[in-house]
Amino acid sequence: MARLLYKLLDGIIVMANEVTKRVLVVEDDPTMLAFWDRLLMKLGVTQRVLLTSVVQAKNLLDRSDFDLLISDIIMPHINGYDLARHAREMNKDIEIVLTTAYNTDLSRFDLSGLRLHLIHKPYIDLTGLSNMISHLLHGEDVFEDADEDSWSDNEDYPEVTEWKL
């Protein structure tokens, strides 16, 4: 059960529901890792694990359940798609958000049955990004208040929703 919290954020007292979902963030850029930590904190996520190592993340997914995986795609040793596939094999209900600063040729990867959200960097709509992540955490429709220009279904890979947030 979520409980109401009062938090002091940037000098302002904010009411937030504590989110009891478990989130794993994998990002090799420490600045981006800090960004995700702050965003999840502001959303009330208290159970978050932030890692720079994909290998550590894969090992953690073997022994722990998470509700949401947020991962960069281009990283050493294992790419984000392979990590996402492993996460899905471990937990069929996990929500998956992959991020990239590069144009990605999805045909290079086996995405069948993967079901994920792909967010392109740089992030330009932090409110939209926060709303999308919040909806995923609460099991709500991610498109509910999204600008229709902020997302698109991929014609070749209907399992992938691409976002420009």
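Predicted model: local features only at pLDDT ≥ 70, side-chain atom pairs only at ≥ 80, totals over all residues.

Biologist: Okay, is His135 buried or exposed?

Modeller: Buried. Its relative accessible area is 7%, and the cut-off for buried is under 20%.

Biologist: And which side chain does His135 make a polar contact with?

Modeller: Asp145. The two side chains are joined by a polar contact of 3.1 Å.

Biologist: What else does His135 touch, leaving aside neighbours within four places in sequence?

Modeller: Besides Asp145, His135 is in contact with Glu140, Asp141, Val142 and Glu144.

Biologist: Staying with α4, how does it cross α1?

Modeller: Helix α1 covers residues 30-42, and its axis comes within 11 Å of the α4 axis, with a crossing at roughly 65°. Angles of 65 to 115 degrees count as roughly perpendicular, so that is the label for α1 and α4. The crossing is right-handed.

Biologist: Which residues meet there?

Modeller: From α1 you have Phe35, Trp36, Leu39 and Leu40, and they meet Leu126, Leu129, Ser130 and Ile133 of α4. By type, that contact has 7 nonpolar residues, 1 polar and no charged.

Biologist: Switching to strands: where is Ile70, and what does it touch beyond four places in sequence?

Modeller: Ile70 is in strand β5, residues 68-72. It touches Val23, Leu24, Val25, Val26, Trp36, Leu40, Val97 and Ile133. Trp36 and Leu40 are also among the α1 residues that meet α4, and Ile133 is on the α4 side of that contact.

Biologist: How accessible is Ile70?

Modeller: Its relative accessibility is 0%, so Ile70 counts as buried. As for Val97, it is 27 residues away along the chain, yet the C-alpha atoms of the pair are separated by 4.7 Å.

Biologist: Now α3. What caps its N-terminal end?

Modeller: Asn79 does, with a side-chain oxygen 2.8 Å from the backbone nitrogen of Tyr81. Tyr81 is one of the buried residues in α3, residues 80-90; Gly80, Leu83, Ala84, His86, Ala87 and Arg88 are buried too.

Biologist: Zooming out, how many helices and strands are there?

Modeller: The chain has 4 helices and 9 strands. From the N terminus the order is β-β-β-α-β-α-β-α-β-β-α-β-β.

Biologist: And what share of the chain is buried?

Modeller: 46% of the 165 residues. On contacts, of those with a separation of 6 or more, 62% are between residues 24 or more positions apart.

Key
Residues numbered from 1 in each chain as written. Heavy atoms only, no water. Buried < 20%, exposed > 50% of the residue type's maximum accessible area, 1.4 Å probe, protein only. Polar contact = N/O pair within 3.5 Å; in protein donor to acceptor, adjacent residues only side chain to side chain. Contact = heavy atoms within 4.5 Å. Axes fitted to C-alpha atoms, helices over the stretch in contact; angles between N-to-C directions. Helix = DSSP H or I, 4+ residues; strand = E, 2+ residues; numbered from the N terminus. Parallel < 35°, antiparallel > 145°, perpendicular 65-115°, else oblique. Left-handed = near helix turned anticlockwise from the far one by under 90°. Nonpolar A, V, L, I, M, F, W, Y, C, P; charged D, E, K, R; others polar.
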